Amino acid sequence: MTVVEAQSFPGYPDFWATLFAEVPRAPFIPDTIWVDDSCGEALVALSKHTDPDGWYAAVSANAPVITQVNLGDVQPGQRGSFPSSSASQPSIVADMLHALDAQPGQSVLEIGTGTGWNAALLARCVGAHGQVVTIEVDPHLAHDARRALTTAGHNPLVITGDGTAGYPAGAPYDRVISTAAIREVVPHAWLDQLRPGGRLVTPWGTDWSNGVLLTLTLTEDGIATGRFSGDLAFMRLRHQRRSLYGWQPSDSDLEHAQISTTECRGNDLDRMLNPDKGTFAIGARLASCRLVVEWDAQGPLHHTLELDDGATTSWAHLDANLNDPAPFTVRQLGLRKLWDEAEAAYDWWHDQGEPLLDRFGFHSRAGQQWIWLDEPDNTVRTLGGSC
Ligand SMILES: C[S@@+](CC[C@H](N)C(=O)[O-])C[C@H]1O[C@@H](n2cnc3c(N)ncnc32)[C@H](O)[C@@H]1O
């Protein structure tokens with residue numbers, strides 16, 4: 001059996017290697033984990049008892065380990081269609097802990113206990129005089145994490161509940177970290193429960209792109225401000241979870257779709273969809289526009305894009321056949337012309353000098369939240385609604 005030790009992950013700074021060696025991931029991972037089936041179309045159970053080599057290899061790799069599928073509503077032997085809890089990829093855990101910078105003696109709130117491994121790492125960071133509160137929405141996961149933490153000798157307080165509300169009884173916190181991604185609006189409770197001078201770290205995404213890391217600092221006068229970084233795909237807070245397909249028009253609705261063509265070509269699509277190019281900026285600019293891309297949907301280099309906004313029953317479809325020099329066909333329905341809006345956001349990005357992630361920031365003041373470009377007064381979009 002080959003076991004890759006955590007400290008041998010390439011590119012790890014010594015600090016994290018030492019921390020991961022002191023608080024290994026394996027004791028927090030359940031005996032049954034979930035892995036892709038041979039076709040990559042479903043998730044199947046992998047048992048520590050029947051395939052110990054496979055289990056140890058998965059748990060020791062620098063990759064996420066899926067620990068629950070379909071919100072726990074699937075038994076070993078059945079197939080899962082989506083992950084609903086995981087132990088995150090160790091190098092990303094290290095990146096997030098580095099951004100959080102929790103110090104000995106501090107109090108930390110974590111949202112998304114999962115296996116409890118990150119809570120154990122946090123407990124190690126804050127030491128005996130610090131306090132970690134961690135919240136998990138799923139009672140079974142919370143129970144297992146509580147037990148794993150106790151067995152491994154760590155003492156975070158594990159709360160079962162919806163972490164969106166934070167845990168006021170333990171506030172104020174020096175640090176708040178979410179290990180479930182949020183869509184756009186940072187829950188006000190997290191900011192309210194943060195101590196002035198404190199820091200908040202969360203995976204963050206829009207309907208267009210999921211996601212990046214957002215790191216905020218709360219000033220003495222109650223302004224939370226910060227920057228985006230990285231390229232992370234995290235599962236979202238449960239009530240913000242995206243279904244695989246968005247709002248779909250009925251066949252009779254489709255007969256009324258407006259059909260047009262676009263000047264957009266393959267190169268533009270790449271720039272609109274590539275995380276190293278315009279994807280973040282377009283998501284930052286464009287409100288409530290869910291994107292589903294199906295690469296090679298109709299054969300090699302023949303892609304489809306679907307955009308939808310269920311709230312306004314708006315939908316758009318782009319048929320992008322890169323083998324054909326003819327313009328791509330667009331079909332649009334509903335109050336919003338979503339493809340036109342996406343193109344306008346793309347043009348805006350170009351006009352701004354094609355800014356990448358590092359030029360954008362986030363501000364929250366007096367209950368208002370917005371994304372800015374270069375400086376807080378240069379608003380890209382005000383974020384609405386509750387989280
Ligand atoms: C990526 S996993 C967290 C990994 C975890 N920190 C660990 O070390 O294993 C995300 C977790 O967030 C939980 N979650 C999702 N929505 C939540 C919510 N509203 N409140 C609390 N937990 C939530 C999920 O059930 C899942 O266990």
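Reader: Which element gives the most to the shell around the ligand?

Author: Strand β4 does, with four residues. Keep in mind that this is a predicted model.

Reader: How many residues are around the ligand, and which come nearest?

Author: There are 26 residues around the ligand. Ser85, Thr115, Glu136, Asp162 and Gly163 come nearest.

Reader: How do the residues of the shell divide into nonpolar, polar and charged?

Author: Sort each residue into one class, then count. Here eight are nonpolar, 14 are polar and four are charged.

Reader: What share of the ligand does the protein bury?

Author: Start from the ligand alone, which exposes 600 Å². The protein buries 99% of that area.

Reader: Now the helices. At what angle do α8 and α10 pack?

Author: Compare the directions of the two axes. Helix α8 (residues 266-273) and helix α10 (residues 338-351) pack at about 80 degrees, and their axes are 11 Å apart. Angles of 65 to 115 degrees count as roughly perpendicular, so α8 is roughly perpendicular to α10.

Reader: Which residues meet there?

Author: From α8 come Asp268, Leu269, Arg271 and Met272. They meet Trp339, Ala342, Glu343, Tyr346, Trp349 and His350 in α10. This contact has six nonpolar residues, one polar and three charged.

Reader: Where is there a cis peptide bond?

Author: Check omega for each peptide bond. Between Ala171 and Pro172 omega is about 0 degrees, and the bond is cis. Pro172 sits in the loop between β7 (157-160) and β8 (173-178).

Reader: What is the phi of Asp296, positive or negative?

Author: Positive, at about 55 degrees, although Asp296 is not a glycine. Find Asp296 in the loop between β14 (290-294) and β15 (302-309).

How values were computed:
Residues numbered from 1 in each chain as written. Predicted model: local features only at pLDDT ≥ 70, side-chain atom pairs only at ≥ 80, totals over all residues. Heavy atoms only, no water. Axes fitted to C-alpha atoms, helices over the stretch in contact; angles between N-to-C directions. Helix = DSSP H or I, 4+ residues; strand = E, 2+ residues; numbered from the N terminus. Parallel < 35°, antiparallel > 145°, perpendicular 65-115°, else oblique. Contact = heavy atoms within 4.5 Å. Nonpolar A, V, L, I, M, F, W, Y, C, P; charged D, E, K, R; others polar. Near = heavy atom within 4 Å. Areas by Shrake-Rupley, 256 points an atom, 1.4 Å probe, with all protein chains shown as cover.
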